[in-house]
Amino acid sequence: MHWHPYFEIATAQSGVLDHQVGQTHTVLEPGDSIFVNQNMLHGIRQLSGEAPDNLPIILFSGTVVAPENSVIYQKYIQPLLACNSLPFVVFRHGSGLWEEVRRQIRAAYCAMRERPDCYELAVQRSICCVLEAIFRNFDSLPKSEASRVQLDAQIRLQKMLSYIYENYAQTVTLADISGAANISRSEAGRCFQSYLGCSPVEALIQYRLQTARRLLQETTLTLQEISGSCGFHSVNYFSRQFRRKYGYSPGKKHELGK
């Protein structure tokens, strides 16, 4: 789960994906796209497919369309940013809205991948068309107003996840994680269970394992070095946890990516 101060557009390519925004889970089938509003806590989990889904993603600021002090930004971008009841928009293949935006989304992906002359302008043009379609259909889009309790819980979770992401290599306790949001350990547990379905310590271990897997793929560090740099004080414990999550030993680098 992560967040950023940008809009996001993502499209399922070959697998079925569970795209979570806040506490809401949306299943994306191949061809479906999703638009996520800025600063929303979100994440993706693949539900089916032989290989990892390619999942092209575009992150962009509203200033790609126009400067913040412009009439265009104030009239068309600011209402999207300020709408707490529109955390995301799904473009389901076969729907009318999907028909409006699918060519533009594909054109943006293609331009960013191939980078022909003036591709930046082509991407900007496609993004403008997608935002125009969202704005023109704004009143008919499904809304989901988050309660004050939910918003507070998300802010707390973001603070605790930030602490984990910044300090995972060190010794981290449950008290440290809950303290990052100035809440009790029991309240921290409720936040993580509500959004992630796991405890704060389990989330810490999962992030350490994900980081270790990336280091195994991208570096020539030894298991001892990777284990220590990811906050595991025992190579044996690291290996057991890694095998439990991924189904094979961290020493089998040739199996990584399967």
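Two strands are taken to pair if DSSP finds at least two bridges between them. Helices (H or I, at least four residues) and strands (E, at least two) are DSSP runs, numbered from the N terminus. With that in hand, the sheet is a friendly place to start. Strand β2, residues 16-21, pairs with β5 in the antiparallel sense over six bridges, and Asp18 has Arg45 of β5 as its bridge partner.

The model is predicted, so local features need pLDDT of at least 70 and side-chain atom pairs count only at pLDDT 80 or more, whereas totals for chains, interfaces and linings use all residues. Residues are numbered from 1 along each chain as its sequence is written, and side-chain values use heavy atoms, with hydrogens and water left out.

β2 is also joined to β3, by five bridges, and these two strands run antiparallel. Val21 stands opposite Thr24 in β3. Two residues lie between the strands in the hairpin of β2 and β3, where Gly22 takes a positive phi near 65 degrees. Taken together, three strands form an open, antiparallel sheet in the order β3-β2-β5. Its edge strands, β3 (24-28) and β5 (42-48), each pair on one side only. From one strand to the next, the twist averages 25 degrees.

Attention now turns to a pair of helices. Helix α2 (residues 96-114) packs against helix α3 (residues 119-136) at an angle of about 160 degrees, and their axes are 9 Å apart. Here axes are lines fitted to C-alpha atoms, for helices over the stretch in contact, and angles run from 0 to 180 degrees between N-to-C directions. α2 is therefore roughly antiparallel to α3, a label given to angles over 145 degrees. Contact means heavy atoms within 4.5 Å. On the α2 side, the residues that meet α3 include Leu97, Val101, Ile105 and Ala108, and among their counterparts in α3 are Tyr119, Val123, Val130 and Arg136. By class, this contact has 13 nonpolar, two polar and two charged residues; Ala, Val, Leu, Ile, Met, Phe, Trp, Tyr, Cys and Pro count as nonpolar, Asp, Glu, Lys and Arg as charged, and the others, Gly among them, as polar.

His2 counts as partly exposed because its relative accessibility is 36%, between the limits for buried (under 20%) and exposed (over 50%), with a 1.4 Å probe and protein chains only. Leaving aside neighbours within four places in sequence, His2 is in contact with Glu8, Met40, Leu41 and His42. The C-alpha atoms of His2 and Gln158 are separated by 8.0 Å, although these residues are 156 apart along the chain.

Terms used: Angles under 35 degrees count as roughly parallel, over 145 as roughly antiparallel, 65 to 115 as roughly perpendicular and the rest as oblique.
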